[in-house]
Amino acid sequence: MSNHPIFIDNVAFAKKNERLVGSLTLADCPRLAELLQGATKNVQSINNGAGLISYTLQGETNSIGQHYLHLTLNASLTTACQRCLQDMPLELMLSFDYLIGEISDTEVGEGDIDGSDDVDLQEASQTMDIITLIEDEIIMAMPIAPIHAEGCGVIVSQSGEKPNPFAVLKGLIKP
């Protein structure tokens, strides 16, 4: 577990085919912690594995000299079910591939990059913050309105029609 930032030179990391394996807690990811239910913030939940994020970052350089990073994440989080408002476990297993390159915003706008959804572009950096990258990816992967698959309390729904409160007065009018 880490309580300090992790910075890498992503091009050198990829060239050396390095591998970084570790785990984080919600204390390492304050923006993510703000989005989650309070249950994952206490020590007992963390000891039970809630709020734990495991990651593996692998660098790679292919035969034509392109540099890649491959990130896999396993996160055990607790959020609030939007149907019953009770704590709900959320297990995320994510995988990302990044092409590292020196590219300007104008080149991205002109469409010089393959529009593939399989690989994301990551700017070459000597100080790439791994914790921020992990936190960003988890935040973007979280469901907007998480709900239990089953087991929520009875849901009461109302039709849009309500009785007219003045209907009683209608009987008082004499023709």
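The model is predicted; local features need pLDDT of at least 70, side-chain atom pairs count only at pLDDT 80 or more, and totals for chains, interfaces and linings use all residues. Residues are numbered from 1 along each chain as its sequence is written, and side-chain values use heavy atoms, with hydrogens and water left out.

Helices (H or I, at least four residues) and strands (E, at least two) are DSSP runs, numbered from the N terminus. Two strands pair if DSSP finds at least two bridges between them. Strand 4 (residues 67-80) and strand 5 (residues 87-101) run antiparallel, joined by 14 bridges. Ser 76 has Glu 91 in strand 5 as its bridge partner. The two strands form a hairpin with 6 residues between them. In the turn, Leu 85 has a positive phi of about 65°. Strand 5 also runs parallel to strand 6 (residues 120-123), through 4 bridges. Here Tyr 98 is partnered by Asp 120 in strand 6.

Helix 5 (residues 130-141) has 12 residues. Its first and last C-alpha atoms lie 17 Å apart, close to the expected 16 Å (1.5 Å times one less than the number of residues). Buried residues (under 20% relative accessible area, 1.4 Å probe, protein chains only; exposed is over 50%, partly exposed in between) include Ile 130, Leu 133, Ile 134, Glu 137 and Ile 138. At the helix start, a side-chain oxygen of Asp 129 comes within 3.2 Å of the backbone nitrogen of Ile 131.

Phe 166 sits in the loop between helix 5 and helix 6 (167-170). Phe 166 is exposed, at 58% relative accessible area.

Methods: Polar contact = N/O pair within 3.5 Å; in protein donor to acceptor, adjacent residues only side chain to side chain.
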